Amino acid sequence: MKTAQEMKPNSVALIDGHPWLIQKAEFTKSGRNSAIVKMKLKNLINGSKTETVYKADDKMEPVILERKEVNLSYISGDDYVFMDPEFNSYELRAEDLESVLPFIEEGMNDVCEAVFFEGKVISVDLPTTIVRQLAYTEGSARGDTSGKVMKPAKLSNGTEVKVADFCEIGDWIEIDTRTGEYKSRAKAPA
Amino acid sequence: MRATWDIFCSVVDNYGDIGVTWRLARQLVAEHGLAVRLWLDDMPAFVRLCPQADPQRPTQKQQGVEVRHWPVDWLPVEPADVVIEAFACQLPQSYITAMAAREQKVLWLNLEYLSAEAWVAGCHALPSLQAGGLSKFFFFPGFTAGTGGLLRERDLIAQRQAFQTDAQARHAFLRSVGVSLPAGARLISLFAYENTALASWLDALASSDQATLLLVPEGRILNDLHAWLDGPALQVGAVRQRGQLHIQVLPFLSQEQYDQLLWSCDFNAVRGEDSFVRAQWAGRPLLWHIYQQADDAHLEKLDAFLAIYQAGLSEGAQAALVNLWHAWNQGGSVAQSWNQLLQHGPELSAHADAWALQQASQVDLAAALVQFYLNWL
């Protein structure tokens, strides 16, 4: 058993006998209120979706899932096609990729993990750290070089991230996909 | 057939949790005609709020509410139509099993603590899928549309307004608790946790141009008060004076008496949740001592409330309010911010009254719970 807080996006919990894919999980703790996790769940049997809240220390039964390395092959509208090293392709809808969608873009070469439940692909996990190029950001407002002052920026797919004030258009940056936060400036991928 | 409701309350500390659930239970009975059982694991604490209750009796009817002792060794009972676990207390497992087995479905609610933070509306009324086909809904009180609202009896504002426009009623109440108000004195109530900021406030009040009568219901702040006054231990009824500050210790008040105390005062210092909400209904300026949490998690909650409460105030009044509340909750000196606040007294008084009326225009918590149940059916 795991606590609700330990259950991450793209994991599956068996709730009341039904497998539910956790598409999104937001942890909140404030004041005297119990720490809670707000989740978006998808029922893997009938496809129904629901928004739920759990106490962070509620116990959940995780389902062991099969995983396989894949790369993004192409995007066609809301369809995302991934391919494994044996050239098997796996098609997912944008709605199945909710937790990682902001960081998926054409041409990315990250080695991802396709997640399977009973032989069927249900989602894709990105590496913990990815490198992306900034498509747009304002110039440095304060000339800060410490990395502590942040400013908004956009990736080529339109995703907004906060980056260090010294970052410029065209720079490559590292992003933590668990939090969606900027980590550092990076070298262009080889 | 009246719907049956079970409210479970585990008394953690102080009288906040039990105060809220006792108030809610009575309102559900009085205003919605429901059959309510209130399960309490600390009967002596309940007797403080309801002196006519017998702490030895496991089942008793008080003001229309069936008050039941929640024993450590749970004895099976038929679950109610609606079950509220207050403040995420843990229901007995056999009771949960009985809920799942009940032929008629049970609405299971977790009534959470009050917060003004923005995430509350996004989580309010969401279900939590549980074993046995049960769903537990998280119900968040709050100050804005999309939350569960605040506890407020139907005629509370009218009662308060009538009281505050009747000087005789105020004097009669004060006399009933042994208080004689010095002519021209400002009247302040103080209900707080231990607070190192207290001495600086008392210093400011003592050295003020205007006399102040500070009324202090017995509670955790008395030790800090005693440390500032020095001298013999403070007992209920004790009256002391230093400079312009007169201090009187009051007995533990019933909820109705405490409301009248808040209505009577020009300014109220309150703590936790229940007295915080009641002070808002009093329509008078207030100072909130929030329940402290590790890692200062409570300060975000404090600021979230300030952010919505201060809307409409002048910049000067906003700054005075925020500075005072921050200093009070961080144990710093409040002397300067208190004097700053006094300069905006009339504006803050008018604002407090307008805030109460604005909040009263929203659905109250008990009515919101009942409506949620009706929608769920």
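Biologist: How many salt bridges does a search of the whole structure find over all chains?

Modeller: Side chains of opposite charge can pair when their charged atoms come close. Here the search finds 27 salt bridges over all chains, each being a side-chain nitrogen of Lys or Arg within 4 Å of a carboxyl oxygen of Asp or Glu. Keep in mind that this is a predicted model, where local features need pLDDT of at least 70 and side-chain atom pairs count only at pLDDT 80 or more, while totals for chains, interfaces and linings use all residues. Residues are numbered from 1 along each chain as its sequence is written, chains are lettered from A and ligands numbered from 1 in the order in which they are written, and side-chain values use heavy atoms, with hydrogens and water left out.

Biologist: Which residue forms a salt bridge with A:D171?

Modeller: That partner is A:R185, with the closest N and O atoms 3.4 Å apart. A:D171 sits in the loop between strand 14 (160-164) and strand 15 (172-176) of chain A, and A:R185 in strand 16 (residues 181-186), so the pair ties together parts 14 residues apart in sequence. Strands (E, at least two residues) and helices (H or I, at least four) are DSSP runs, numbered from the N terminus.

Biologist: What area do chain B and chain A bury between them?

Modeller: The size of an interface is often given as the accessible area lost when the parts come together. Chain B and chain A bury about 2000 Å², 55% of it on carbon and sulfur atoms; this is accessible area (1.4 Å probe) summed over both parts. In chain B, B:Y113, B:W119 and B:L129 lose the most area to chain A, together 27% of what that side buries. The rule finds 1 salt bridge across this interface: A:K55 pairs with B:E85, the closest N and O atoms being 3.4 Å apart.

Biologist: How do helix 1 and helix 9 of chain B cross?

Modeller: Two packed helices are described by the angle between their axes and the distance between the axes. The axes of helix 1 (residues 16-32) and helix 9 (residues 255-264) of chain B come within 12 Å and cross at roughly 105 degrees; axes are lines fitted to C-alpha atoms over the stretch in contact, with angles from 0 to 180 degrees between N-to-C directions. These two helices of chain B are therefore roughly perpendicular (65 to 115 degrees).

Note on methods. Buried area = accessible area lost by both parts, 1.4 Å probe. Parallel < 35°, antiparallel > 145°, perpendicular 65-115°, else oblique.
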